[in-house]
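Me: I'd like to learn how to read a few features off a model. Could we go through it together, one feature at a time?

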Amino acid sequence: MAPSLHSRVQLAVSSVDRARRTHSKTQQSAVMEKKDHILSGPKPTNPLKDGTVGQYLFTMLKNYENLPNCITDLELGHSISYKELLRTTLRLADCLRRNGCGVGTVISICSEHSVYYLQPVISAWYAGITVSPVNANYAERELIHAFRISKPEIIFCSERTLQKVGKLQQKLPFVKKIISLDGSQDSGDFETLNNFIKRSTNKNFDFKDFKTHEFDRNDHVAAILYSSGTTGLPKGVMLTDRNLMIRFNQCIDPLCNTANHLQPRDAVLHFLPLFHGYGFASSLGFLCMGFHLLLLHSYREDLFLSSIEKYKIKSCNVVPSIMISLVKSAALKDYNLSSLTELVCGSAPLPKEIVIQVKQKFNNPEIRQGYGLTESCVVSTITPLGNEKRTSVGKLLTFTQAKVVDVHSRESLGAHQVGEICLKGDIMKGYKGDIKATKNTIDQSGWLHTGDMGYYDEDQHFYVVDRFKELIKYKSFQVAPAELEALLLDYPGIKEAAVVGKPDLLAGELPTAFIVTDPDTNISNQEVQEYIKVNVSREKQLRGGVYFVDAIPKNATGKMNKIELRKIFEGTSKL
């Protein structure tokens with residue numbers, strides 16, 4: 001059997017309540033066309049609703065209009081209700097229309113977390129406008145690259161990013177207006193959000209008369225989200241209204257969702273980047289379920305733990321590096337975390353050893369895992385309730401098909417045969433302005449080639465071995481970095497680990513480890529080498545060496561930036 005490792009994008013969901021629940025075998029079962037080895041997810045519990053994503057959000061916000069708490073910024077103390085969110089987004093949508101924005105228009109958001117962040121997103125969707133959020137920490141070169149892909153007419157910024165983005169306007173002739181989301185007064189040519197609404201609102205505007213825009217949801221691009229860019233500059237992933245309607249359908253489907261034990265009004269803690277597919281889709285999904293969304297600008301252990309205790313948080317999303325930090329934290333004992341019934345972990349691999357420790361630290365909860373890409377609308381698989389296959393990334397979600405193909409012959413493979421995972425169904429429309437990259441990713445039959453190596457078993461549970469492009473080619477062998485990383489993390493005193501291939505004239509690449517140790521821990525190169533030597537085969541030995549570093553570089557979603565690590569071999573790394 002192939003190594004049991006985890007995926008590029010994963011969910012580890014721990015929920016005490018869910019462990020007590022069961023679903024019928026009919027609902028849980030997936031279908032496989034044995035002739036072609038094509039697997040299909042179960043039928044959805046609820047049919048896909050008609051209409052656009054804007055119409056759906058409009059309906060859901062009206063349903064929750066009387067709930068007092070919608071979004072709270074825990075760091076600044078700002079808070080808005082569902083009624084405030086609904087009315088502000090309706091006014092803003094009307095203002096956007098009166099400024100000539102509609103179907104075909106793109107707006108962008110460049111801001112840290114705030115109660116205002118999702119307002120232009122929701123308003124844009126009411127009016128049929130495409131939304132393209134960007135990383136607020138992007139440097140000038142990266143911002144220009146992203147904006148030239150999406151070509152936004154309006155950019156909504158925070159006070160912190162306003163000047164940085166404003167300086168680029170002359171280089172971006174398609175940008176007509178820059179608006180400050182959280183500013184208290186206009187600055188030069190930049191209006192505040194409040195003043196933009198005040199000046200542009202129709203004096204006769206009536207909430208009762210508002211109507212959302214109608215269009216073909218199968219073709220219309222609702223969002224342009226950027227791929228992680230770990231293999232080069234990010235590409236703009238185009239997701240349609242139908243893509244997002246499926247995602248929101250999965251959010252409320254007990255076969256697929258990650259919060260089916262929560263009720264409207266319940267609190268969820270969120271610090272993942274709202275510009276990234278994982279954070280973007282989950283936060284909007286939470287609003288569709290009437291939850292109280294508590295935002296942190298970034299992860300701070302003290303505020304994270306104290307907020308769980310103070311607000312009795314039931315669910316929150318994390319990334320593996322945070323999960324590892326929590327497991328090893330001595331501060332857990334100082335807080336009452338009994339309200340927390342669910343942790344959702346994604347964006348990068350979560351080693352099996354950490355899953356086991358999570359069960360121990362959080363009172364033996366059920367662990368669920370999943371897999372997906374931004375290009376597949378974030379999530380494609382999730383483990384069934386009561387699942388005991390801890391190294392599996394789950395079974396297919398509704399509206400999803402998959403197959404595993406041989407990387408050379410492209411033939412579909414059967415159970416327990418490792419190949420490239422391909423997905424179909426709820427996948428992107430394509431990469432914005434990049435037909436070549438789209439054709440290289442989605443074949444003529446509509447299959448999305450993920451670049452992830454994996455397999456499925458006789459019960460149609462999927463297992464991901466590693467990224468095909470990240471596999472280390474040592475002589476004629478392929479070495480999976482994730483396997484070595486999981487092994488290293490199990491060694492006492494190692495806090496973080498990353499493995500990459502070091503170029504070698506004779507062997508091709510040599511497996512090389514970068515390690516962060518726990519404070520006051522002394523581990524030698526020789527100790528690590530001996531540990532690896534006795535645990536893996538010869539081709540997987542760390543022939544490229546062991547580098548002890550202060551930190552593993554990561555991108556905004558917590559995924560390891562292996563490009564930066566490889567620069568060490570070129571002498572250009574900032575480490």
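Me: Let's start with Lys-567: is Lys-567 buried or exposed, or in between?

Reply: Burial is read from relative accessible area: buried is under 20%, exposed is over 50%, and partly exposed is in between, with a 1.4 Å probe and protein chains only as cover. Lys-567 has a relative accessible area of 28%, so Lys-567 is partly exposed. Glu-564, at 12%, is buried. Keep in mind that this is a predicted model, where local features need pLDDT of at least 70 and side-chain atom pairs count only at pLDDT 80 or more, while totals for chains, interfaces and linings use all residues. Residues are numbered from 1 along each chain as its sequence is written, and side-chain values use heavy atoms, leaving out hydrogens and water.

Me: What do the side chains of Glu-564 and Lys-567 form?

Reply: A salt bridge is called when a side-chain nitrogen of Lys or Arg is within 4 Å of a carboxyl oxygen of Asp or Glu. Glu-564 and Lys-567 meet in one, at 3.7 Å from N to O. Both residues sit in helix H17 (residues 562-570), three residues apart, about one turn of the helix. Helices here are DSSP runs of H or I with at least four residues, strands are runs of E with at least two, and both are numbered from the N terminus.

Me: How many salt bridges does the structure hold?

Reply: There are 17 salt bridges. One of them joins Asp-266 to Lys-314, with the closest N and O atoms 3.3 Å apart. That pair links distant parts of the chain, 48 residues apart: Asp-266 is in the loop between helix H9 (241-251) and S13, and Lys-314 is in the loop between helix H11 (301-311) and strand S15 (315-318). Asp-266 is buried at 14%, whereas Lys-314 is partly exposed at 30%.

Me: Which residue does Asp-459 form a salt bridge with?

Reply: Asp-459 pairs with Lys-389, and their closest N and O atoms are 2.6 Å apart. These two also come from distant parts of the chain, 70 residues apart, with Asp-459 in the loop between strand S23 (448-456) and strand S24 (462-467), and Lys-389 in the loop between strand S18 (381-382) and strand S19 (395-396). Asp-459 is partly exposed at 38%, and Lys-389 is partly exposed at 22%. For a network of salt bridges, look at Lys-177, Asp-186, Glu-191 and Arg-199.

Me: Now the sheets. What is the strand order in the open sheet of six strands?

Reply: Two strands pair if DSSP finds at least two bridges between them. The order is S5-S4-S14-S13-S15-S16, with mixed pairing. Strand S5 (79-80) and strand S16 (342-345) are the edges, each pairing on one side only. Strand S13 (residues 267-270) and strand S14 (residues 292-295) are parallel, over four bridges, and Leu-269 stands opposite Leu-294 in S14.

Me: Is the pairing of S11 with strand S12 parallel or antiparallel?

Reply: S11 and strand S12 (residues 236-240) run antiparallel, joined by five bridges. Leu-225 is opposite Val-237 in S12. In a regular strand, side chains alternate between the two faces of the sheet. Strand S11 (residues 221-226) is mostly covered, with six of its six residues buried.
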